Amino acid sequence: MKMFLSGNQCIAQGAKLSRVEVVAAYPITPATPASEDLHEMVGRGELDAEVVNTESELGAMGVCVGAAAAGCRTFSCTCSQGLALMREMLWAASGMALPVVLAIDSREIGIPQGLLSDYSDCLSERDASILQFMCEDGQEIIDSLIMAYRIGEHEKVLLPSFVVSEGHRVSHSFETVDVPEQEDVDKFLPKYQPKHVFVDPDYPMSMGTGVMPQYPSFKMQQYRAMQDAKTVIKEVCDEFADAFGRRYGLVEAYRTEDAEMVMVGMGSVVSILREKVDEYREKGLKVGMLKLRVFRPFPEEEVREALSGAKKVLVFDRACSPGNEYGISCIEIRSALRRSQALISNIMISGRDVSSEDVDALYDKWAEADDEYVEWFKADFDPRAVSMCGFDNFEKLVKGETVERDVVQEGEACLSKGIMSCSGCVSLGAIRMVLDVFGKKAIVVNNAGCLSAVGAFYPMTGWNVPFYFFSYSNAGAAASGIEVAMKRKGIDGDLILVAGDGAIFDIGLQTYSAALERGHRIICLCYDNEGYMNTGVQCSGSTPHGARTKTTLEGRRGRAKNMEQIVAAHGDVYIATASVAYPDDLLKKVRKAKSFDKPSFLHVICPCPPGWEYDPALGIEIARLGVESGATPLYEYEDGKVTLTKVPKVKKPLAEYLRKQGRFSHLTDDDIAEMQAEVDRKLERLTAGNL
Amino acid sequence: MLRIRVHGRGGEGAVTFAHMLCASATFDGKFGQSCMGAAIERRGAPVEAYGRIGDRRVAERGAIVAPDIVTVLNPTLTSAVNVEAGISDGGKVIVNSASDLGLKHDTVYLDASSIAQKILKVPITNTVMLGAFGAVTGLVSLDSLEKGARLILAKFSEEKLERNIEAIRAGYEEVKRG
């Protein structure tokens, strides 16, 4: 059926048609919408699968590996830092012969954090014994996903796969695709009934164990499976062509038969190159194009054959391998053509879009060149691009020159005005209020989230105090490192970890816990908007019971983590909850935290207009209702005892707080009565002095 | 192939405009490809969306730096970003504005905010501007624009969808009336 779909929707369609049984989901831009679609498909009853919302990508891959090791067909999608965090379990998947399929919305890997697409993320896993299918468009995503399961589950292969497409450039592009019928896919891809992995008390297996001298033998097995996969891929592609009329292979050699010059590429750039070949051919030029459709296993023979007559080859590379002169796919091409006389040039396109006009310019230079060359495409457009750490003056600083800088004066804001948060953003108000207590002494550490997306983005920064951005999973560890270094160097300052609920409750909990355990003097400001709002509203460990997000469509089942109890379990920590609706109370707590020589945990609930679905003008009112209804009580925890700091004279019904938010609009009065009882119980506990 | 760039503010439906437009083109037997700007979308912050429409499968992807047609959903954007950046020779601009903003290129102004306010009761102008786009460019028929909108806005309630269809027609007629 013809449908107008985005790349991400194609991912969801491909997974659905493959009848995946377990899906692990963790939000990351730009792959999140694919998981959201799968949640919706399950909600509508179109897909019979378990969708597991995890705490991190490492957890997502862990769920996939676990479910696959117990015999299920499993799926997840991610990119960039998320794929990097999965790494250990990627190798587990291939080592345990588990045909997990991951859709990768390929994205630049940080630091610096990029939102455009290059292949650094997937190609970094070159050696993990994972099949890698590099898709050109949405159609190929759907088709490749279906084929990936057939290939990966083949008894001669039994390996995981990446179905790679470019983030944003393809994932967020809508176009017409032909979605296969379910019954045709069912005929092509039978139900997964693995013979090598299962859970059976009558046949107990020990999986994932250690080996000693046998390691090379196991590696050789993987190596052979990868070699065998080439034949299997060709067979499956033939069968697919018979069933669905679309032909794929290890490569696509386009008008290469008599070509003297051949352009080589992977992914969406191939569409342009194919068009240009037609154009050049009309002018009588003997030009062809080679599309590398499968990167692992690398189709050496097919590449050699397609390029056998070429005098010049130009490889378009979306990822480089610093330390090697050539881009990652060019290294492979050169290896395949090691006995060839062809001149092999290389263009590093990295995350750049390539237009028809761009190819003309690149072609002209290539046609004239009488030797090989390596060139970066549009990479030196901005002379400031070389200054990375502090944006400006990098070169001067390296040389040891003195550079004047404006610093925060008494009464000035740590974070400038005019940064691009959403209208009515309450979190930003909370962050400003807290930081301005510290002024020039503030040293800010931040992890992925709304603040990192708006506070500083090259070449602009809103920060007037030292600011560090670290990856999502590293809420506590990198901050600990800074604290230790500050002590060692005798730097007087207040280290403030500004992190959202995702970073503290979920993905960064491990490192934050360790930081608390070691007792570093870190003041943690957890601005809690009760979900992954930066990626477009998904459920986090802090999302309250009943709240609807894009990954809890019927409202969340279960309660949010009690983070205060978790933090308190680490010993001597000053713990306080606060609200922007009560600035006096908030500031008192911040000043107290500042005065202590121990870790502090300031938990500020921040209503979020898009995430909680309310009129952006009502943020403070909703925050106040949260306190007045007892939903978000304000208290301190010291010496093992809770002290409520704001007790409303008349406690308002919880319904008044919930009914102002669209995310709770589906709740019945009975649901709310249940939640009211829970709130009452919690207040009772707090009033008695317990967390 | 024609390149279309849409400027709006986060939450105003610029990206949806591009999707509706390109989906519409497919009902006229053309090929459409639309995408959002690879930016961090914040409510109220300037955002871009792109559409490409051609007679064969659209090969090019990504950001459009040299558009043939620019659509501006919000008049305040012209002072915030250079909406005319890179416009090709003979390029057109369609702007939601009650007054002439003095743009350099061939520009059509219409007060889409007032029309949207009247029909939709909110100043979300993407459907009004979609109708206007069809009338100004003749690139996609009104009938197809309605079909494209119905496809992309399928999750809307019946009533909200019909009001948006009315908004498309109103935008179309507003331009035709001159």
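Here are legends for a few close-up views of this predicted model.

Residues are numbered from 1 along each chain as its sequence is written, and chains are lettered from A in the order in which they are written. Local features need pLDDT of at least 70, side-chain atom pairs count only at pLDDT 80 or more, and totals for chains, interfaces and linings use all residues.

**View 1. An open, mixed sheet in chain A.** Six strands line up as β9-β11-β10-β13-β14-β15; strands are DSSP runs of E, at least two residues, and helices are runs of H or I, at least four. Two strands pair if DSSP finds at least two bridges between them. At the edges sit β9 (251-254) and β15 (374-376) of chain A, each pairing on one side only.

**View 2. Strands β10 and β13 of chain A side by side.** β10 (residues 261-265) and β13 (residues 312-317) are parallel, with 4 bridges. Look for M263(A), whose bridge partner in β13(A) is L314(A).

**View 3. Around V262(A).** V262(A) touches G288(A), L290(A) and V313(A), among others; contact means C-beta atoms, placed from the backbone, within 7 Å.

**View 4. Where chain B meets chain A.** The contact takes 22 residues from chain B and 26 residues from chain A. On the chain B side, β2(B) gives the largest share, 5 residues.

**View 5. A strand pairing across the two chains.** Strand β8 (residues 173-178) of chain A runs antiparallel to β2(B), joined by 2 bridges. Here F174(A) has S34(B) as its bridge partner.

Conventions: Two residues are in contact if their C-beta atoms, placed from the backbone, lie within 7 Å. Lists of a residue's contacts leave out its neighbours within four places in sequence.
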